[in-house]
Amino acid sequence: MNDLHPIDAEPRKGKPLKFIIGGLVIVAAIVYLIVSSLQANVQYFLTVDEVLEKQQAGELSGRNIRLSGAVVGDTIQYDMDTLELSFTIVHVPGDLEMVEEEGGLAAALHNAVIDPARSRLEVVYYGARPDLLQDEAQAILTGELLANGIFKADELLLKCPTKYEGSVPDQIES
Amino acid sequence: MIAEIGFGSLFISLIISVYGVIAAIYGERNHQRKWVFSAKQAMRLVFPLLTLSIGSLIFLILNNNFEVVYVASVSSINMPVYLKITAIWGGQAGSMLFWSWLLAGFGFIVTFRKWDRDQDFLPWVIAICLGTIAFFVVLNTFFENPFVRYWQVNQEIVQSFVHPPGGIQVAPRNGGGLNPLLRHPGMIIHPPMQYLGFVAFIVPYAFAMASLITGRSDDRWIQLSRPWAIWAWLFLSLGLILGARWAYDVLGWGGYWGWDPVENSALMPWLSGTAFLHAVLIQEKRNMFKQWPIVLIIVTYNLVIFGTFLTRSGLLSSVHSFARSSIGPIFLAFIALTFIASFWLLSSRWEKFKSRQVLTSFFSKEALILITIILFLGMLVTTFWGVIFPNISELVTGQKVTVGPPFYERVAGPILGGVLVIMVICPLAVWSFVSFKHLGKLLWKPFIVSLLGVLLPIYGGLTKVPAVIAFWLVAFVLAVNGFEFIRRTRLRRRSQSESLFQTISGVFQRNKRSYSAMIIHVGMVFMALGIIGIEFFQTETQGTIAEGQELQLASYTMEYEQLDIFNTSDDRNVARAVILVKKDGQVIDEIYPRRDFYYDSNQQVTIPGVRSTLVDDFYTILVDWKAVTSEGATFKVYHNPLVKWLWIGAWTIILGVVVTSLPDNRSTRAGSRTRGRDGHRN
């Protein structure tokens, strides 16, 4: 096949350099935006163990962090008048392979909650009680660790693996 | 029996897909048309086979065959029929089968177009489409089989497709039911739209690769791909907007977009797809930058696969991911393979696809479109970086980190601003050369009008600088488009004597594409208006109030009237509050925030009560209530200015795409050479 080159009448009067510089300026602006925004907004994503460890080392003061753990159902307390929600989370390994070894996320969360030896952290949150907050849910919290050792969450994400697929239904009949 | 039919046809379609790929390539290499023809027949056969397979799954769901694991996990006896059909994509295995089926459907349609001029493309299009289909069917066959069943072997329940020795088939009495969060009208359409959008981009990719392999560097592949790409883009846009709407209506956090990794993975192909459609335009009109559309479609294709990978591998924690799965590495291998092969092909043809034209002016249409593409790519890189940064950081430093919405918002704001600036100039710019003076002449009138659009909100007490700039840009774009439309209509009226209506429809007919682009851009600006409204001006409050008491937010007052708690026939327990919305002491509306508790899945869903107007949304969530409901209930309340424009903009965009694909009127100038109409004939 031959190449088709329609209307190509205008003479080449452009100065490519000008346009390359123009393009580079735009690209540089975008890169600057990305880099500066990233530096300003990056958060540690930690497990309960890591939070306690870093707290000892004094690395956490005033830092906004993200944290995940398993919710202990018995500890959930909610005051409707002040909208104060408090509960305890238990350490769950952050490593996906370790979670897999325990038999998946649901099993890992369950093991965490029934194991009294695991490290725990008290959480306080002001706002609506989320629908998915229940025993053995995975909580992903954003906020900061207060001086008194309580984690004050600004944002609360919850995930219940059993609510999705993968669990064998309770009653099975032949 | 039905499960066997379903899996059997799935397996046969895999064999046929693989055969088709081999036959197509063999036929092309040895110049034997009959092999290529045979490959084409293979591609036609895959669709009915997968239809049989997905049909079997639907049958199993409708008949409550809970011995099938997938059916038990997504369906339950009491679910209405339409939700049972939705359940096909309510879980991992089913959604992948659905995906393969749609892909096969597109492959099926492609085979029926007239190939006369494009015989050289045919074998490669077949090989690429069928190769992609084969990949997904492999996943379905070996890793995510929706037809796996429960068996009891020695008191233990096992999951297997084949009958294990000594096993008896068992079934739970009832299934777990579809996740209640997914039981929303938006959820019936959102996933299919998203998938259609994803899948339809594979056809333009196949044409691009065919063009690269055959070394045919004219814009034929673009003509053939463009209709597919536009529809893919529309479906993807619809998928995104329906997802946003679902989040707004069901998730109950007052927002519509959370920069969730899975949302991002759907946004990324949309960004690169948008850039692709613009690059196509430059090539068609000016025959410039011919490598760009190819690069962009390769990126889009890989982002589509990457998006599926992110959603389906369980790598991410998100409302969208179902379960952890073993398919991750295979996905990554497939992405790496296609990505490297595509770019290797492109580099080997680089010189051939070089164009001779060069840019001549910063204000020419092609330069402006090029900047738009760069801005879209910038947003794409941002999103991509935000998604993978946590993984990279973990690899490099061993420290898990995340980036949240503030990161994306900080970058997206200025980029959206840049896009709006270009949308001001672009409708007035012409191809190849524009002087600033010429632009200035056309710009001053809309500029003055746009100032009015800003002074009004400032007069109303608006003080945030970025918001003022944003409003000004929105007003400017709308003014430019309005003036431009009036100018063109006037020009035509001067030369022809006809009614105003004839003129307007004539103007549209003559340059349908440019006007549909105008409509789409106006739609984007409406959406921008909604985004600005909610991002800059959302306010919220919350409180526990007794019956008859009030909460105030913005210019609204809500009065808690009563709370009813009752059971429904479909196994829900509903708590529904009645709220009177008041403005200036007058009751203007009654809304019903509620909370549904689903007994079968033991989960609750919060549904907001919303009063929505063009100016603002008053959005209330029922958070909790006291044992004696008249003593108090807790509400969270949001005031979301202008958010309705987000949905209006979406409808406008749909209108624009529909206009561009309307059949041509005979009396008008014969379709421009760039319209690849035959692309979607079936």
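**Two chains of a predicted model**

Trainee: What share of the contacts in chain B with a separation of 6 or more comes from residues 24 or more positions apart?

Mentor: This is a predicted model. In chain B, a contact counts here when its residues have a separation of 6 or more. Of such contacts, those between residues 24 or more positions apart make up 70%.

Trainee: Why does the radius of gyration of chain B agree with a compact globule?

Mentor: The C-alpha trace of chain B spans about 80 × 80 × 60 Å along its principal axes. Because chain B has 682 residues, a compact globule would have a radius of gyration near 26 Å. The value for chain B agrees with this, at 27 Å.

Trainee: What percentage of the residues of chain B count as buried?

Mentor: A residue is buried when its relative accessible area is under 20%. Chain B has 682 residues, and the buried share is 61%.

Trainee: How far apart do the centres of the positive and negative side chains of chain B lie?

Mentor: Chain B carries 57 positive and 40 negative side chains.

Trainee: Which pattern does chain A follow along the sequence?

Mentor: Chain A contains four helices and seven strands. Read along the sequence, these give the pattern α-β-α-β-β-α-α-β-β-β-β.

Trainee: What part of the accessible surface of chain A belongs to carbon and sulfur atoms?

Mentor: The accessible surface of chain A is about 9,400 Å². Carbon and sulfur atoms account for 52%.

Notes. Residues numbered from 1 in each chain as written. Chains lettered and ligands numbered in written order. Heavy atoms only, no water. Rg over C-alpha atoms; globule rule 2.2 N^0.38 Å. Buried < 20%, exposed > 50% of the residue type's maximum accessible area, 1.4 Å probe, protein only. Contact = heavy atoms within 4.5 Å. Lys, Arg positive; Asp, Glu negative; His and termini not counted. Charge placed at Lys NZ, Arg CZ, Asp CG, Glu CD. Helix = DSSP H or I, 4+ residues; strand = E, 2+ residues; numbered from the N terminus. Areas by Shrake-Rupley, 256 points an atom, 1.4 Å probe, with all protein chains shown as cover.
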